[in-house]
Amino acid sequence: MRSFLVAALGTFATSASALSYLNDDRSITGHLCVGDECTDTQTWNSADTLVLKGPNLRIKFEDVGDPEGFPIDDWRIEINDTTSGGDKYFAVGDVSSGTQPFKVRNAAPSHSLVINDTDGYIGMGTAFPQQPLHIVTAGYPRIRMESTLSTPGVWDISAYSGAFEVRDQIGSTTPLSIAAGAPSWALIVKSDGKVGLGDYSPEGGLDLQRSDGTARVQVEELNATTSPRTLLNLVNNGRPEIVLANSATGGEWSFGAGTNFILKQGAVGSASNAKTKLFEVTDTGDATLAGSLTTGGTTCGGGCDRVFSERAIIPEADYAEAMWSQGFLPHVGPT
């Protein structure tokens, strides 16, 4: 019976019609060889129950869709290309669509793809995945995302001992890099859109918090051309203010500008309208100071009561001319 089945099944691959047709159930005890190269002297390996032997090996699943309305797509298990020098692989092909959705090339390393039996975790390069997707490699594990649209995009997510990085391969830039050992909550975005830098519960749109004496914001423009530039721009529907609070003394200063520039002082955490206005400059240059003004320095070393620094007498005819040309009273100087 075994020899008959070997010969008959081997003939199916090359004949237009079957030499034998079996219309009932059959069982085979032992091994089965199918293909043009099978012989009655086939050597068996105990691990091989079914052997397909010959060139261009394919197994086709042909669904006739009975009863009507059932899916009828055909599938094929494919082994290697059918041309000389072609690709070596194991693949599953969608015969109806003409696609090959699954392919494993020859000499692929062990554990190239593993699905855990208990939780469905997927391992790539590991036999024991510890996360839903676990990638292990001796080099730098990377995930590439590539768009083939008219404007292509290629991005890599990579991780190694030094950092976790997101790289734009087309632009050859690394816009995001997180160094190994970075502290917890170095960057966090909350559900309300607030961003924390070292702060898990940011109170403002951007909240920077440190406890090692390094809390500082630095804005530096490295353009080689000398030019005035706006390095901090505050825009508000109303007067934008900057607050400087001393947590040790409980004192707080704030300054802001809209139509006028205003300097205020109050307690830490106090509202703007609860602070005391100490200084104001209008948009026309007029200044109002809540307290007294004391000056010092070489131009007014004794205060603003300076009158004459020299005893020379300037003729009356020349006094007005000297005053207008110098911009201040002769012998008094600027105050």
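Leaving aside its neighbours within four places in sequence, which residues is Trp44 in contact with? Contact here means heavy atoms within 4.5 Å. On that basis, Trp44 is in contact with His31, Leu32, Cys33 and Val51, once neighbours within four places in sequence are set aside.

Before I continue, a word on the source. This is a predicted model, in which local features need pLDDT of at least 70, side-chain atom pairs count only at pLDDT 80 or more, and totals for chains, interfaces and linings use all residues. Residues are numbered from 1 along each chain as its sequence is written, and side-chain values use heavy atoms, with hydrogens and water left out.

Let me stay with Trp44. Its place is the loop between β1 (32–34) and β2 (50–52). Helices (H or I, at least four residues) and strands (E, at least two) are DSSP runs, numbered from the N terminus. From Trp44 to Leu32 there are 12 residues in sequence and 9.3 Å in space, C-alpha to C-alpha. Is Trp44 buried, exposed or partly exposed? Buried means under 20% relative accessible area, exposed over 50%, and partly exposed in between, with a 1.4 Å probe and protein chains only. Trp44 counts as partly exposed because its relative accessibility is 27%.

The partners are Cys33 and Cys38, with their sulfur atoms 1.8 Å apart. The link is left-handed, with -85 degrees about the S-S bond. Cys33 is buried because its relative accessible area is 0%. Cys38 also counts as buried, because its relative accessibility is 14%.

Now to the chain as a whole. It has two helices and 21 strands. Of its 335 residues, 16% count as buried. Among contacts in the chain with a separation of 6 or more, residues 24 or more positions apart account for 7%.

I turn to the strands. Strands of a sheet pair through backbone hydrogen bonds, either parallel or antiparallel. Two strands are taken to pair if DSSP finds at least two bridges between them. An open sheet of three strands has the order β7-β8-β9, and its pairing is mixed. Its edge strands are β7 (114–115) and β9 (133–135), each of which pairs on one side only. β7 and strand β8 (residues 122–124) run antiparallel and are joined by two bridges. Within that pair, Ile115 has Ile122 in β8 as its bridge partner.

Further along, there are hairpins to consider. Strands β10 (residues 142–147) and β11 (residues 153–159) pair in the antiparallel sense over six bridges. They form a hairpin with five residues between them, and Trp155 in β11 is the bridge partner of Met145.

Strand β18 takes part in two hairpins, which I describe in turn. With β17 (residues 241–245), strand β18 (residues 251–257) pairs in the antiparallel sense over five bridges; Glu241 has Gly256 in β18 as its bridge partner. Five residues lie between β17 and β18, and Gly250 in the turn has a positive phi of about 80 degrees. With strand β19 (residues 261–267), β18 runs antiparallel and is joined by seven bridges. Here Ser254 stands opposite Lys264 in β19, and three residues lie between the two strands of the hairpin.

Finally, two acidic residues. Lys and Arg count as positive and Asp and Glu as negative, while His and the chain ends are not counted. A salt bridge is a side-chain nitrogen of Lys or Arg within 4 Å of a carboxyl oxygen of Asp or Glu.

Glu165 lies in strand β12 (residues 163–168). Glu165 is buried yet has no salt bridge, and the nearest side chain of opposite charge, Arg167, is 6.4 Å away. What does the side chain of Glu165 make a polar contact with? The partner is the side chain of Tyr160, at 3.3 Å. A polar contact is a pair of N or O atoms within 3.5 Å; within protein, one must be able to donate a hydrogen and the other to accept it, and residues adjacent in sequence count only if both atoms are side-chain atoms. Not counting residues up to four places away in sequence, Glu165 touches several residues, including Asp156, Thr174 and Leu176.

Asp74 is in the loop between β3 (58–61) and β4 (75–79). Asp74 is buried and has no salt bridge; Lys60, the nearest side chain of opposite charge, is 4.4 Å away. Neighbours within four places in sequence aside, the contacts of Asp74 include Lys60, Phe61, Gly93 and Ser96.

Technical notes: A disulfide is a pair of cysteine sulfur atoms within 2.5 Å.
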